[in-house]
Amino acid sequence: MSATTFSWQRFRAMLVKESLQILRDPSTFLIAFVLPMILLFLFGYAISLDPTHIRIGIALEDSGAPALSLANSFERSRWFQVTGRRSVATLEDELTAGRIRGIVVIPADFSRRFRTTGEVAQIQVITDGALPNTAAFVAGYAEGVRASWQAAQLPQAALPVALAHRYWFNPELASRYFLIPGSIAIVMTMIGSLLTALVVAREWERGTMEAIMATPIGMPEFLATKVLPYFLLGLGSMALCTLLAIFLFGVPFRGSALGITALAAAFLVPSLGQGLLVSAVTKNQFVASQVALLSAFLPAMMLSGFLFEISSMPRWIQALSYVVPARYLIPPLQSVFLAGDLWGMFARNIAVLLGFGAVFFTIAIAATRRRIA
Amino acid sequence: MDAPLACARAVTKRFAAAGPPALDAVDIEIAPGRMTGLVGPDGAGKTTLIRLLTGLLVPDRGTVEVGGVPATAQDRSVIGYMPQRFGLYEDLSVIENLSLYADLRGLPPAERPENFRRLLGFTDLERFRTRLAGRLSGGMKQKLGLACALVRTPKLLLLDEPGVGVDPISRRELWKMVRDLAGEGIGVLWSTAYLDEAERCDTVFLLNGGRLLHAGPPAELTQRMDGRVFRVYAGGTGRREVLERALNLSEVSDGTIQGASLRLVTRTQGAAPTVDALQVPAGTRIAPTAPRFEDAFVDILGGGPPGTSTLAQRYRTIPQSGEPAIIASGLTRRFGDFTAASNISFSVGRGQIFGLLGPNGAGKSTTFKMLCGLLTPTSGNGQVAGFDLRSGRAECRQSLGYMAQKFSLYGDLSVRQNLNFYAGIYGLAGGVQREAIGRVVDIFHLQSYLDTNSGTMPLGFKQRLALACAVMHQPPVLFLDEPTSGVDPIVRREFWTHINGLVERGVTVLVTTHFMDEAEYCDRIGLIYRAEQIAAGTPDELKQAAAAQAGLKDPTLEDAFIALIEESDRKREAA
């Protein structure tokens, strides 16, 4: 390959060309601005990991005052919607049919045991194991309702230690607060990897790559002009998402604009590098988009801690998650919204992201040679 | 002669270790100020050679030099390269494409206005400065591609099949532009499968199957054919049978139909075929005629195929009647406020070949698709094999065999699977299907390829397979859409031998083509331009009409085509 020196004239010409193409291609705007909004709306309104008003049934087998009082507590709870007091047998049928998600059985000896010191007044909670998440919620919240009812019944002296939960950063435990910052990471992955995965492949497919390669332009120069416009587009889309998150969804924003910009910019480096690499290797838009979805989008969705907690995954999948760049964006992104600028943590994550970027770009440049076959 | 601008010495390039090389020890030289032709059928290695010259491929053996240095290290600001697909950005305008390539090749900004003015002037694209390249017609895209390659006057201009898929008018204009450039001292390499273009180059390198068969002025090769080419004025009706007999004679190496007459090439000089041997009426005029490059090309490849079509021999005889096999009456198709075909009317008698000719975008394909039942006419109607286009679509389609441009076969199915599939969709089953498949496999020599994926076969075999699929159910009508685009003259001759044989069996053929030598095989031609049929008649009638209008002497069909279209433009402007 001839050693071509950098030319500002060529660089500017390619930048102009790339920008014009972005402006004229409606699908770019769709992916950069419309799709993020749809995602945000989905995560903001439609998907919620908070259980409220789970339908349960109560089988009240005791008619004592404590039993009635406990049943009342369940009925008043904001977590549960009690469908009625019936026998265990009827409720079991409803549970099987999926009309209720759990049964609370207050047994016949509940009031007697409650009044007798030294005895434990037990209740039974039956849940639908086919829906493990919901089952865990029902069990957990039922225990909570019972505990607070018990606390109200007994004189304070009887409870030497009262446990008070306090959730930091997200006192309302609204899943939207951590889902929305997370979905910004997903959006950035999409713009960075999916859009750029198409750009070089498109040049190959339309036969323009051959004509471009026959001009004096250097290949690193060529790649740089592919990356820069999408970098700006990515930042623009991030800004849009952040504004929507703050003003439409009311997610608190405790960090700074500088912090979020630095994080987004650092994340775009590996993301664009990965897209470029996919594009340079596949040379085909369809294959490129599939590879980008599988190698960037899905891992960012599943393995970044966005939807599923990494610490509860099998060990080898946890190990795998270390090579997913989004893993290093989501925690600092959630911090910048909910906690504030934590520069120490940001710096570590930014360094890792830039490291990934360097690897991807090095391979992408090596893979884009001035050769047809 | 000046020192060469570029050369390749003993270059060999292989893409698959096992297969034959794409280029096998090829030498070429490109001199400044000359038109150098790179000629050969598809798959000959033309594109590979050009890519080696651009430095985008590296040879396995041999050297490729441009401007005295290896091609991979050449100064890319002084070569102009137009790839087969032009390399244009369809979502950029004409002027944006030009500016991009100007900057990429480092054209000094001061020279830009003058260069752009000159290029837009001579490509006649000034009017379309702000039009997106994707909205240009094929011919205009090609001119813009050329302008982009020339934006900074190159020393070496490499053009990869600039004439493919472009109508004769655009092809001729492009040729003239490039010829003028060569006159200014640029070295031009023009790659082509059109032998009439090759004939006009200063030097020709003839490639076939990766080997160089000839290097030198085309006339050198053509001269060898002196005294071996004859025209037989056999008269319209029996000419196909006469050609069959002629090609079966041992002394005739090649022959084609030229309107009402035949063009025959003999194996030895001066020995004209006799009236007796051809079994034509005594007094039939047989006269020597000037050889052409194509005669020499076919001769160097060992002559054309024999004249009898085994396909036709084993085809059923189509019952004849006075009824036309294809009728188009006032076929019109509009897309929104754009009229793609307007009031097209013709009829084709049974056992005739009818050709639809016209520039790109004139409305040929639209007419063709309406007759196939793929498009519903906005108004007008037609018949195929006696079935009405509107009420009997299914019967229409069942009674025609359709061979599409670019071989619409399934490339990742084997030959056998393709044959089974097409037999199935044409309703052949059981023993009939086995018999039909066995027959075409035998006729087209497909045995050794039966389990090969059809996409990986040589082009000539793909072409045979496409024809095999179209005729398996022995339809009375055949529709051929640019059937031999890109295939070499030998395969094209074999193809037309089959078609001529089928026509003798009573099959009716409708064909669209850009190749004027294919048009010569037609009994009648309809010339379509700007959605209207502007002329119709036998090839000879069209030539005579053009001769009368434009004052041409002994015009070729291409001359006639161009003259008739220019005449139509003049009338339109006058109106």
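Select chain B and colour by burial. Of its 575 residues, 51% are buried. Keep in mind that this is a predicted model.

Now show the C-alpha trace of chain B. Along its principal axes the trace spans about 70 × 55 × 50 Å. Why does chain B pass for a compact globule by radius of gyration? Because a compact globule of 575 residues would have a radius near 25 Å, and chain B has 25 Å.

Switch to cartoon. Chain B carries 20 helices and 24 strands. Next, draw the contacts within chain B. Take those between residues at least 6 apart in sequence: 71% of them join residues at least 24 apart.

Colour chain B by domain. The assignment gives domain 1 as residues 6-222, domain 2 as 225-306 and domain 3 as 410-474. Select domain 2 and domain 3 of chain B together. How many Å separate their centres? Over C-alpha atoms, the separation is 33 Å.

Bring chain A back and go to the contact between the chains. Chain A puts in 24 residues, and chain B puts in 25 residues. Stay on the side of chain A that touches chain B. Select 8-24, helix H1 of chain A, then 208-213, helix H8 of chain A: each supplies at least two residues to that side. Which element gives the most? H1(A) does, with seven residues.

Last, colour that side of chain A by residue class. Ten of its residues are nonpolar, seven are polar and seven are charged.

Definitions and conventions
Residues are numbered from 1 along each chain as its sequence is written. Chains are lettered from A and ligands numbered from 1 in the order in which they are written. This is a predicted model: local features need pLDDT of at least 70, side-chain atom pairs count only at pLDDT 80 or more; totals for chains, interfaces and linings use all residues. Two residues are in contact if their C-beta atoms, placed from the backbone, lie within 7 Å. Helices (H or I, at least four residues) and strands (E, at least two) are DSSP runs, numbered from the N terminus. Ala, Val, Leu, Ile, Met, Phe, Trp, Tyr, Cys and Pro count as nonpolar, Asp, Glu, Lys and Arg as charged, and the others, Gly among them, as polar. Domain bounds come from an automatic or database domain assignment. The radius of gyration is taken over C-alpha atoms; the globule rule is 2.2 Å times the number of residues to the power 0.38. A residue is buried if 20 or more other C-beta atoms lie within 10 Å of its own, exposed if 12 or fewer, and partly exposed in between; C-beta atoms are placed from the backbone.
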